[in-house]
Amino acid sequence: MGQVIVITSGKGGVGKTTTTANLGAGLASHGHRVCLVDADIGLRNLDLLLGLENRIVYDLVDVANGYCKYKKALIKSKQFDNLFLLPAAQTKDKTAVRPDQMRDLCEELKQEFDYVLVDSPAGIEQGFQNAVAGAEKAIIVTTPEMAALRDADRVVGLLEAMEKERPMLIINRYRPGMVRKGDMLAIDDMLEILAIDLLGVVPEDEQIVVTTNRGEPAVLDKHSRAGEAYRNITRRLMGEQVPLMNLDDDDGILSRIKRVFGFGAR
Amino acid sequence: MLDLIAKVFGRESPSAEIAKERLRLVLVHDRSSVTPQFLERLKEDLIRVISEYMDIDTETMDVRLSQTEHQAALVASIPVRRVKRVAP
């Protein structure tokens with residue numbers, strides 16, 4: 001029996017979909033059977049991040065409403081035989097699916113998969129309610145910005161009220177150089193404010209743009225620092241104790257020079 | 001380093017180019033997902049408004065979305081039987 005984890009944030013644009021794609025690919029690379037569910041009906045994007053946008057025939061709305069079996073709608077990833085996507089519908093809206101339908105679907109999916117990751121839409125309305133309905137665990141993604149943290153805190157409160165397990169936090173687009181200068185909230189500041197457990201920190205990384213352009217998750221790119229962070233987060237999700245990666249070498253003079261010449265840890 | 005060499009010799013196309021092509025394809029698809037029901041409603045509204053000004057042939061009129069080089073276009077071919085006299 002697998003587990004259902006929702007990836008959510010409140011605020012849009014903080015990296016929910018990127019996180020979902022990377023953790024899915026990460027877990028699959030360890031041999032787990034993984035199903036990614038795009039719950040952002042009307043604004044689907046998880047298919048793009050996985051490079052599967054041309055293979056969609058049936059979608060979440062078809063499955064939730066019983067028009068087809070989920071197996072018919074699943075799309076196998078390009079990289080792994082054990083990673084599947086259940087895409088969102090693009091022409092419907094959030095009301096095309098109800099929370100009880102999502103609960104039933106997740107119940108069915110976790111019979112078949114070790115991990116079911118549900119990519120939540122931004123906001124706290126029906127799309128969010130749908131996404132969290134079938135999940136027992138939640139990962140909250142935030143960036144070190146006031147607006148993102150405020151929205152994350154709101155979502156923590158909502159999940160608490162639903163009596164979900166204590167959510168785990170991923171801090172995305174972290175810039176240690178700015179933190180050193182005192183211009184960005186540090187990890188400890190954010191944990192203190194939100195009072196939840198840290199699952200991982202993903203440094204800002206230009207390489208993410210490149211891997212996304214190609215439709216390949218960064219977690220599979222050995223040169224990507226964000227990819228390294230996602231590899232660590234994957235292992236923590238599987239229950240391993242993994243120390244935080246060294247975030248500090250992103251904008252030191254030496255690594256900048258190295259980067260210009262194309263060497264160095266990227 | 002191998003990546004760099006590959007880039008210098010142009011073996012691998014830049015990712016932005018790949019992104020542009022992928023995006024173009026997916027948008028053509030998204031935009032064309034206008035349902036037949038939607039077009040039918042639009043057509044009925046067009047008939048209602050235009051009929052106040054002109055007597056049109058609703059049987060042979062044609063309303064559809066098409067893709068030009070740069071954008072989607074709504075193309076309507078509406079045969080006019082006669083222009084109504086509108087009060088000045």
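1. Ala122(A) sits in the loop that joins strand E5 (115–119) to helix H6 (126–133) of chain A. The model is predicted. Setting aside neighbours within four places in sequence, the contacts of Ala122(A) are Ser9(A), Lys11(A) and Gly12(A). Val201(A) is 79 residues from Ala122(A) in sequence, and the C-alpha atoms of the two are 20 Å apart in space.

2. Helix H6(A) comes next. Six of the eight residues of H6(A) are buried, so the helix is largely enclosed by the rest of the structure. The buried set is Gly127(A), Phe128(A), Asn130(A), Ala131(A), Val132(A) and Ala133(A). These residues pack against several elements of chain A, namely strand E1 (3–8), helix H5 (99–112), E5, strand E6 (137–142) and H7.

3. H7(A) also has a helix partner to check. Helix H7 (residues 146–161) and helix H9 (residues 187–194) of chain A have axes that come within 10 Å and cross at roughly 35 degrees. The crossing of H7(A) past H9(A) is right-handed. On the H7(A) side the contact uses Leu149(A), Ala152(A), Asp153(A) and Val156(A), and on the H9(A) side Met190(A), Ile193(A) and Leu194(A). By residue class, the contact of H7(A) with H9(A) has six nonpolar residues, no polar ones and one charged.

4. Two backbone angles deserve a look. Most residues other than glycine have a negative phi. Glu163(A) has a positive phi, near 60 degrees, and is not a glycine. Glu163(A) is placed in the loop between H7 and E7 of chain A. Glu163(A) counts as exposed because it has 6 C-beta neighbours inside 10 Å, and the exposed class covers 12 or fewer.

5. Arg173(A) is another non-glycine residue with a positive phi, about 60 degrees. Arg173(A) belongs to strand E7 of chain A. With 22 other C-beta atoms within 10 Å, Arg173(A) is buried.

6. Eleven of the 13 residues of H11(A) are buried, and the helix is mostly covered. The buried residues are Arg225(A), Ala226(A), Gly227(A), Glu228(A), Ala229(A), Tyr230(A), Arg231(A), Asn232(A), Ile233(A), Thr234(A) and Leu237(A). The cover over them includes H1, strand E7 (168–174), strand E8 (197–203) and helix H10 (207–214) of chain A.

7. The length of H11(A) can be checked directly. At 1.5 Å a residue, its 13 residues should span 18 Å, and the end C-alpha atoms are 18 Å apart, so the two values agree. The expected span uses one less than the number of residues. After H11(A) comes Gly239(A), with a positive phi near 100 degrees.

8. For the packing of H1(A) on H11(A), helix H1 (residues 16–29) and helix H11 (residues 225–237) of chain A meet at an angle of about 65 degrees, with their axes 9 Å apart. H1(A) passes H11(A) in a right-handed crossing. H1(A) brings Asn22(A), Leu23(A), Gly26(A) and Leu27(A) to the contact, and H11(A) brings Tyr230(A), Arg231(A), Ile233(A), Thr234(A) and Leu237(A). Five of the residues in the contact of H1(A) with H11(A) are nonpolar, three polar and one charged.

9. Of the 88 residues in chain B, buried residues make up 0%. Among contacts in chain B with a separation of 6 or more, 48% join residues 24 or more positions apart.

10. Confidence should be read alongside these points. Chain B has a mean pLDDT of 77, with 68% of its residues at 70 or more. For the complex, the predictor gives an ipTM of 0.75 and a pTM of 0.78.

Methods
Residues numbered from 1 in each chain as written. Chains lettered and ligands numbered in written order. Predicted model: local features only at pLDDT ≥ 70, side-chain atom pairs only at ≥ 80, totals over all residues. Axes fitted to C-alpha atoms, helices over the stretch in contact; angles between N-to-C directions. Helix = DSSP H or I, 4+ residues; strand = E, 2+ residues; numbered from the N terminus. Left-handed = near helix turned anticlockwise from the far one by under 90°. Contact = placed C-beta atoms within 7 Å. Nonpolar A, V, L, I, M, F, W, Y, C, P; charged D, E, K, R; others polar. pLDDT = per-residue confidence, 0-100. Buried ≥ 20, exposed ≤ 12 C-beta atoms within 10 Å, placed from the backbone.
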